[in-house]
Amino acid sequence: MQVIGGRFVVDPSWSPYQGEISKVVRAVDLENAMAKVAIKIFDKDAFQQNIVLEAFARECESLQKLSAHDNIVGLIDIGRDIDTGCSYLALEWCDANLRDHLAANPERSWNSFYNRYGADILDALRFAYSQDVLHRDIKPQNVLVNAEGRACLTD
């Protein structure tokens with residue numbers, strides 16, 4: 001059983017999303033009634049360490065400014081795992097990305113899509129820009145949908 005930060009127990013039945021400098025695993029939060037969370041673990045051996053540290057620092061700074069918005073994925077914790085030496089972010093768990101969610105739950109029209117997701121995504125972007133945070137990778141895979149069906153901007 002892998003525990004990250006002494007608090008988050010990784011779900012071994014779920015396949016991680018692997019990126020270039022980080023991976024995302026699903027875990028449960030021992031300090032919050034076993035709530036599901038996403039843990040983004042930054043690979044301390046990927047690329048040059050200074051690039052990984054800079055990416056981690058920028059993401060931390062952005063999420064600390066933005067995660068209070070209902071349509072931006074919520075930040076739960078920031079830390080460094082003592083056992084692995086890897087920095088991590090604990091984030092609100094969302095069940096699917098927008099691309100996969102829409103494939104399973106298609107909208108009837110553009111107006112329906114806008115009313116259900118589009119207005120919230122645009123409001124999240126407006127808020128981010130008002131905080132001097134620019135999202136440079138807007139795509140359906142970077143919009144997550146939580147259990148209540150709420151769109152949450154990420155990455």
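A salt bridge is taken here as a side-chain nitrogen of Lys or Arg within 4 Å of a carboxyl oxygen of Asp or Glu. The model is predicted, so local features need pLDDT of at least 70 and side-chain atom pairs count only at pLDDT 80 or more, whereas totals for chains, interfaces and linings use all residues. Residues are numbered from 1 along each chain as its sequence is written, and side-chain values use heavy atoms, with hydrogens and water left out.

Side chains of opposite charge can pair when their charged atoms come close. Under the stated rule, ten salt bridges are counted. One of them joins Arg7 and Glu31, with an N to O distance of 3.5 Å. This pair connects distant parts of the chain, 24 residues apart: Arg7 lies in the loop between strand E1 (3–4) and strand E2 (8–10), and Glu31 in the loop between strand E4 (22–29) and strand E5 (35–42). Helices (H or I, at least four residues) and strands (E, at least two) are DSSP runs, numbered from the N terminus. Relative accessible area is classed as buried under 20%, exposed over 50% and partly exposed in between (1.4 Å probe, protein chains only). Arg7 is buried at 14%, while Glu31 is exposed at 60%. Arg7 and Glu31 also belong, with Asp29, to a network of salt bridges.

Glu92 is in strand E7 (residues 87–92) and Arg150 is in the loop between strand E9 (143–145) and strand E10 (151–153), 58 residues apart. Glu92 is buried at 18% relative accessibility; Arg150 is partly exposed at 25%. By contrast, the salt bridge of Lys65 with Glu61 (3.9 Å between the closest N and O atoms) lies within helix H1 (residues 49–66), its two residues being four apart, about one turn of the helix. Lys65 is partly exposed at 36%, as is Glu61 at 45%.

Strands E8, E9 and E10 form an open antiparallel sheet in that order, pairing being assigned if DSSP finds at least two bridges between two strands. Strand E8 (96–97) and E10 are the edge strands; each has a single partner, so one side of each has no neighbour in the sheet. E9 and E10 are paired over three bridges, and Val143 has Leu153 in E10 as its bridge partner. Helix H3 (residues 110–130) packs on this sheet and touches E9 and E10, contact being heavy atoms within 4.5 Å. The direction of H3 makes about 25 degrees with that of E10; axes are lines fitted to C-alpha atoms, for helices over the stretch in contact, and angles run from 0 to 180 degrees between N-to-C directions.
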